[in-house]
Amino acid sequence: IFRLCLPQRPDFGAWQNARSRVYIYQGLTQSHTMASASTESPAAVPEPAFSLSNATVSNPSSEDELSVEDRPKKRPRHLCELGTGEQVHMMFYKSKPGNIDEFEARVQCAARCFYKMESSVTDVRVCHPCCGEVVFIITFVSLEGLEKFKAGPQRCFESKLAGLLTLDPNGDGSPAFSKCGSLMPACHTLDSLVEYLKLNVHGTDHREHDVRSVSKEMEKWFPRESEYKKHITLCPDNPTKYTRNLIFGNEHFDCILMCWPAGAVSSIHDHEESSCWVVAVEGTVHEVQFAMPMLDKKFLQTEKNDPANAVGTCGKLKIVNVAELDTGGVTGTYANNEIGIHRVENRTDSLACTLHVYAPPLKKMRIFDETTGRVHVHLAASTEAEEEKCCHNPAFDVDAWNSVHTVDA
């Protein structure tokens, strides 16, 4: 374990240079361990990667060789995993009444050094409530950087405060209060996501959508069972039939929770002129994308005049991509007819749920049969919006705050 202790005045420049040299060695192992990081406990402190004797190379294909039943269960996703992984460290120090002047001088010196830190740090804030009190709020790129800071600069700074602090029973300069944790991301609730979609998804076909922005916002939704459980319904007569459960719909989009029992498989279908966003909510599904095949003239002509009775033949279906979607890995995907057509499968023995946004709502879709090479049109059942299920109730009126407190240029 590498520790850099500065017994005299904190030399933060030396600490940063040492951190830079250390990362040269860390890079030798980081690429091999990143793939397995998602299976570790979020509270676990990572092993220091500063000793080459500790370096291990994992076999990337070892999990692929296991059967689905033998693979380890994936742990639930945590809210802060949707963020950057930055670690926020807060420290509060309070001087004894008779040591305020000396305390202030040492805090002032330390604050100047903290503000100069660059390696492993993304932000430094120093709050000065009153003379004799100070709060440091420092944000680190990773938990590793935080731990190194505690063992180096923080320990050195606290040695300068020994004997000056109140609420310091050991007399070693420890803070009266200290807390650290992941930087909380700006995640959506289900209701706030629907509100975002109402404001940002409009138009008569997928070409009018900002696909990238909507995809990013949908992946910011942190699914809580208490939010989506009420929308889950299954077919009692067919244990492998998937179900479509409307959460919200208007003329611009439908937001639907789809439930996939074990073994459920959708037909291969297109999306007419609509965008189709899919986000994993629970469990694991596979999206199989196919290139759009050639269609015979008879089918295309009938589809224009009488879509309900349009039946024809199509070319060979070619798989272009297979994506595993789950809450512990890739969480979202997107499709439209220019990208291709797709099928969704639950290859596991557990229920899976996905959130789908179709914009505009699907009125009809082509269904393709991989075995027979036949294609026909399926007319989608009409749905009505259920706005009472999506009553957005924010913590406070942000727009009102921003409007009132905007300073004119």
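In the predicted model, Phe 92 is placed in strand S1, which spans residues 87–94. Beyond its neighbours within four places in sequence, Phe 92 is in contact with Glu 133, Val 134 and Val 135, and also with Pro 175, Ala 176 and Phe 177. Between Phe 92 and Ile 137, which stand 45 residues apart along the chain, the separation of the C-alpha atoms is 9.0 Å.

Strand S1 belongs to an open sheet of four strands, arranged in the order S2-S3-S1-S4 with antiparallel pairing. The edges of this sheet are formed by S2 (121–127) and S4 (177–182), each of which pairs on one side only, and the twist from one strand to the next averages 10 degrees. The antiparallel pairing of S1 with S4 extends over six bridges, and Val 88 has Gly 181 in S4 as its bridge partner. Two helices accompany this sheet. Helix H2 (residues 100–116) packs on the sheet and touches S1, S2 and S3 (133–140), with a direction that makes about 15 degrees with that of S3. Helix H3 (residues 143–161) lies across S1, S3 and S4, and runs at about 15 degrees to S1.

A further open sheet, of five strands, has the order S5-S6-S14-S8-S12, again with antiparallel pairing. Its edge strands are S5 (243–249) and S12 (332–335), each pairing on one side only, and neighbouring strands are turned against each other by 20 degrees on average when direction is ignored. Within this sheet, S6 (residues 254–260) and S14 (residues 352–359) run antiparallel and are joined by seven bridges; the bridge partner of Trp 260 in S14 is Ala 352. Helix H4 packs on the sheet through S5, S6 and S14, its direction making about 65 degrees with that of S5, whereas helix H5 touches S8 (275–282), S12 and S14, with a direction at about 15 degrees to that of S8.

Helices H4 (residues 190–200) and H5 (residues 211–218) also pack against each other, at an angle of about 170 degrees and with their axes 10 Å apart. Since angles over 145 degrees count as roughly antiparallel, the two helices H4 and H5 are therefore roughly antiparallel to each other. On the H4 side the contact involves Leu 193, Tyr 196 and Leu 197, which meet Ser 213, Val 214, Glu 217 and Met 218 of H5. Classified by residue type, this contact of H4 with H5 comprises five nonpolar residues, one polar residue and one charged residue.

Methods. Residues are numbered from 1 along each chain as its sequence is written. This is a predicted model: local features need pLDDT of at least 70, side-chain atom pairs count only at pLDDT 80 or more; totals for chains, interfaces and linings use all residues. Side-chain values use heavy atoms; hydrogens and water are left out. Axes are lines fitted to C-alpha atoms, for helices over the stretch in contact, and angles run from 0 to 180 degrees between N-to-C directions. Angles under 35 degrees count as roughly parallel, over 145 as roughly antiparallel, 65 to 115 as roughly perpendicular and the rest as oblique. Contact means heavy atoms within 4.5 Å. Ala, Val, Leu, Ile, Met, Phe, Trp, Tyr, Cys and Pro count as nonpolar, Asp, Glu, Lys and Arg as charged, and the others, Gly among them, as polar. Two strands pair if DSSP finds at least two bridges between them.
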